[in-house]
Amino acid sequence: MNGKVRAQLVRAGRSGRYLLGTLMTATVTLVTAPLLCIPSLAAARAERHRRRAGALLGRPVEPRPLALRRDLAWLVTQVAIGLPAGLFALLCLGNLLLILGITVAWWAFPASDPPRLPLLGVRIDSWATALTISPAQFLLLAALAAIALPPLARVHARCCLAVLAPAPSEQLVARVTELTRTRADVLQAHGAELRRIERDLHDGTQARLVAIAMRLAVAGESFSQDPEAAAALVRQARAETEEAMTELRSVIRTIYPPVLADMGLGGALSALATRAGVPTRIGIGELGEVPAAVEAVAYFAVTEALANIARHSRATKAAVHVTRNGAMLSAEITDDGTGGADASRGSGLDGIRRRTAALDGTMKISSPSGGPTTITVELPCV
């Protein structure tokens with residue numbers, strides 16, 4: 001069996017399962033129609049089938065606002081087109097099983113009245129019939145199912161997604177709500193960042209500068225009486241100055257890493273990989289001109305993700321791939337650790353999500369138990 005035939009049969013199997021599930025849903029809808037007028041029940045049923053339709057078509061299904069009228073319209077559509085489509089799938093797949101069952105029953109339990117095959121109604125009364133007509137009908141039905149079921153399932157899935165898709169006004173409201181939420185998150189994160197920088201400067205750099213000023217003042221007053229003690233104070237002040245400069249560079253690095261300005265995003269990430277806690281492979285595509293704010297968010301996202309990998313994942317290796325597709329910059333960080341990463345727990349991943357949302361970007365996490373973990377950050381470069 002070549003690859004194309006195998007792929008077609010796999011698609012037919014998936015489509016058959018989808019349509020049989022559709023038939024079951026349509027039947028339950030007919031039986032429980034009065035109950036499905038309850039908003040929560042209608043929404044749950046519609047959302048479940050919406051996810052199934054998205055999975056069949058390979059489309060991501062985003063959350064949507066509840067809309068009872070649209071959910072009820074879907075239930076009517078489900079009965080109108082889902083019931084016949086599901087019955088057709090049941091007819092094809094059921095007859096395939098029936099042909100096998102009749103053939104095996106004729107061989108295992110001979111009877112005076114030979115059984116008839118479906119469709120053509122031919123009786124199995126000899127091995128010639130069992131080995132020719134029966135396989136021919138089976139292959140004919142299998143070919144019909146392989147050809148007809150996938151497009152039929154896709155048409156039904158597209159109808160499902162179209163009926164349940166939010167209206168433009170609802171999408172606009174959801175967009176405004178999302179922007180309002182992310183704006184509040186950004187303002188909160190910005191305020192927290194300013195307070196952190198103020199604390200770092202006040203408790204670190206400023207305290208050291210005050211100590212340096214006091215040492216130099218004492219050295220100036222004692223220079224004429226005790227030059228050696230004054231020289232020692234000057235040496236201590238010099239050492240304090242170097243430490244203050246180191247702390248100041250550290251604070252500046254958290255605002256906008258100088259390595260980005262010096263080496264660009266690709267060079268900065270390559271340098272970051274050399275000091276990551278696990279062996280990390282870096283792949284950088286053609287990025288073109290990237291805004292400084294996008295570079296900073298991408299750099300900090302990769303930095304935080306690699307730090308999480310080193311601390312929590314028990315990974316032995318990691319990889320970072322940064323590419324650009326049109327106006328969208330994508331950074332994908334993967335590891336072979338134990339999985340289970342979850343941004344909702346308030347970890348550094350939530351910080352990545354907040355930074356990304358501030359630029360109207362998205363962050364996706366795939367981290368099943370046992371791994372691997374993949375974090376994808378997408379940022380618009382406009």
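Asp360 lies in the loop between H9 and S4. Here helices (H or I, at least four residues) and strands (E, at least two) are DSSP runs numbered from the N terminus. The model is predicted: local features need pLDDT of at least 70 and side-chain atom pairs count only at pLDDT 80 or more, while totals for chains, interfaces and linings use all residues. Residues are numbered from 1 along each chain as its sequence is written, and side-chain values use heavy atoms, without hydrogens and water.

**Exercise A: loop residues**

Task. What value does phi take at Asp360, and is Asp360 buried, partly exposed or exposed?

Solution. Step one: phi of Asp360 is near 65°, a positive value in a residue other than glycine. Step two: the relative accessible area of Asp360 is 40%, so the residue is partly exposed. The cut-offs are under 20% relative accessible area for buried, over 50% for exposed and the range in between for partly exposed (1.4 Å probe, protein chains only).

Task. Where does Arg314 lie, and is Arg314 buried or exposed?

Solution. Step one: Arg314 belongs to the loop between H8 and S2. Step two: although Arg314 is not a glycine, its phi is positive, about 60°. Step three: the relative accessibility of Arg314 is 73%, so Arg314 counts as exposed.

**Exercise B: the chain as a whole**

Task. How many helices and strands does the chain have, and in which order do the elements run?

Solution. Step one: the secondary structure comprises 9 helices and 5 strands. Step two: read from the N terminus, the order is α-α-α-α-α-α-α-β-α-β-β-α-β-β. Step three: 35% of the 382 residues of the chain count as buried. Step four: of the contacts (heavy atoms within 4.5 Å) between residues at least 6 apart in sequence, 68% join residues at least 24 apart.

**Exercise C: the sheet**

Task. Which strand order does the sheet have, and which strands form its edges?

Solution. Step one: the 5 strands form an open sheet in the order S1-S2-S3-S5-S4, with mixed pairing; two strands pair if DSSP finds at least two bridges between them. Step two: strand S1 (280-284) and strand S4 (362-366) are the edges, each pairing on one side only. Step three: from one strand to the next, the twist averages 10°.

Task. Describe the neighbours of S5 and how far S5 is enclosed.

Solution. Step one: strand S3 (residues 328-335) and strand S5 (residues 373-380) run antiparallel and are joined by 8 bridges. Ile333 stands opposite Ile375 in S5, and Thr334 has Thr374 as its bridge partner. Step two: S4 also pairs with S5 in the antiparallel sense, over 5 bridges, with Val377 of S5 as the bridge partner of Met363. Step three: the hairpin of S4 and S5 has 6 residues between the strands, and Gly370 there takes a positive phi near 95°. Step four: S5 is largely enclosed by the rest of the structure, because 6 of its 8 residues are buried.

**Exercise D: helix packing**

Task. At what angle do H7 and H8 pack, and which residues make the contact?

Solution. Step one: helix H7 (residues 258-274) and helix H8 (residues 292-313) pack at about 30°, their axes 11 Å apart. Axes are lines fitted to C-alpha atoms, for helices over the stretch in contact, and angles run from 0 to 180 degrees between N-to-C directions. Step two: H7 and H8 are therefore roughly parallel to each other, given that angles under 35 degrees count as roughly parallel, over 145 as roughly antiparallel, 65 to 115 as roughly perpendicular and the rest as oblique. Step three: the contact includes Val259, Leu260 and Leu272 of H7, and Tyr299, Val302 and Leu306 of H8. Step four: by class, this contact of H7 with H8 has 11 nonpolar, 2 polar and 1 charged residues. Ala, Val, Leu, Ile, Met, Phe, Trp, Tyr, Cys and Pro count as nonpolar, Asp, Glu, Lys and Arg as charged, and the others, Gly among them, as polar.

Task. How do the axes of H8 and H9 cross?

Solution. Step one: the two axes come within 9 Å and cross at roughly 170°. Step two: H8 and H9 are therefore roughly antiparallel to each other. Step three: among the contacting residues are Phe300 and Glu304 of H8, and Ile352 and Arg355 of H9. Step four: helix H9 (residues 348-358) also lies across S4 and S5, at about 150° to S4.
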